Amino acid sequence: FPAPVLLVLRYNTSTFGPGESRMSHPALRQLRALSFFDDISTLDSSLLDWLMLEDSMTRRFEGFCERVTVDMLFEGFVGPEALEEEGEFLPDEPRYWLREILLCGDGVPWLVGRTLVPESTLCGPELALQQLGTTPLGRYLFTSSTLTRDFIQPGRSDELWGRRSLLRLSGKPLLLTELFLPASPLYGEEK
């Protein structure tokens with residue numbers, strides 16, 4: 001008999017108003033509305049410096065504030081119905097670990113992030129992805145010698161910029177989508 005499975009769902013209820021659900025958070029709605037670019041040749045170089053950054057965004061943000069923190073919006077297993085178009089980048093599985101956060105600089109939300117991890121990725125050292133809590137994802141990912149990136153794809157939702165990346169740890173995939181919120185230093189450097 002297989003071992004019992006522990007289902008973990010973590011919500012930060014202080015983030016939501018009365019009657020709101022996880023998907024009704026305005027930053028998550030805008031993140032889900034990102035339209036992605038195939039051709040980036042017309043984008044400004046200072047904007048591309050942020051959007052195509054291959055290093056840790058957490059580390060980049062740390063150069064603009066005293067302290068980078070995470071406000072947890074949601075963390076737990078979801079079914080394939082939660083993936084929408086993201087499913088084309090990940091293997092077809094019955095469950096995915098979903099982590100949705102606000103990344104803040106000195107307490108001000110600068111970025112909303114959505115990480116989808118196939119359950120098959122969560123073995124060996126990658127089990128730590130389920131235990132990050134309020135640790136920024138970049139602090140974990142960029143300490144791994146097995147991290148590779150298949151692509152970065154910039155996108156836009158109204159006036160806000162974002163990106164998605166297919167990353168691999170020991171060859172195992174995870175999809176990270178990020179939306180830069182209005183207070184983000186990206187907009188201070190955008191020309």
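Q: In which loop does Glu85 lie?
A: This is a predicted model, where local features need pLDDT of at least 70, side-chain atom pairs count only at pLDDT 80 or more, and totals for chains, interfaces and linings use all residues. Residues are numbered from 1 along each chain as its sequence is written, and side-chain values use heavy atoms, leaving out hydrogens and water. With helices (H or I, at least four residues) and strands (E, at least two) taken as DSSP runs numbered from the N terminus, Glu85 falls in the loop between β3 (68-78) and β4 (96-105).

Q: What is the relative accessible area of Glu85?
A: Buried means under 20%, exposed over 50% and partly exposed in between (1.4 Å probe, protein chains only). Glu85 counts as partly exposed because its relative accessible area is 35%.

Q: Which residues line the second largest cavity together with Glu85?
A: A cavity is a set of points on a 1 Å grid over the protein atoms alone where a 1.4 Å probe fits but cannot get out, with lining residues having an atom within 4 Å of a point. The second largest cavity holds about 50 Å³ of space, and its lining divides into three nonpolar, one polar and four charged residues. Besides Glu85, the lining is made up of Leu31, Arg32, Leu34, Phe36, Glu86, Arg164 and Thr177.

Q: What distance separates the C-alpha atoms of Glu85 and Arg32?
A: Glu85 and Arg32 both belong to the lining of the second largest cavity. Along the chain they are 53 residues apart, while their C-alpha atoms are separated by 9.8 Å.

Q: Which residues lie nearest the centre of the largest cavity?
A: Among the three cavities of 30 Å³ or more, the largest has a volume of about 210 Å³. Two or more lining residues come from each of α3 (57-62), β4, β5 (108-118), α4 (137-141), β7 (160-169) and β8, and by class the lining has 10 nonpolar, five polar and five charged residues. Of the 20 lining residues, those nearest the centre are Thr58, Leu137, Gly138, Leu176 and Glu178.

Q: Which residues beyond its neighbours in sequence is Ser184 in contact with?
A: Ser184 is placed in the loop between β8 (172-180) and α5 (185-189), and it counts as buried because its relative accessibility is 2%. Contact means heavy atoms within 4.5 Å. Leaving aside neighbours within four places in sequence, the contacts of Ser184 are Phe61 and Trp110.

Methods:
1 Å grid on protein atoms, 1.4 Å probe; cavity = no way out; pocket = protein on both sides within 12 Å on 5 of 7 lines; lining within 4 Å. Points joined across faces, edges and corners; volume = space filled by probe spheres on them. Nonpolar A, V, L, I, M, F, W, Y, C, P; charged D, E, K, R; others polar.
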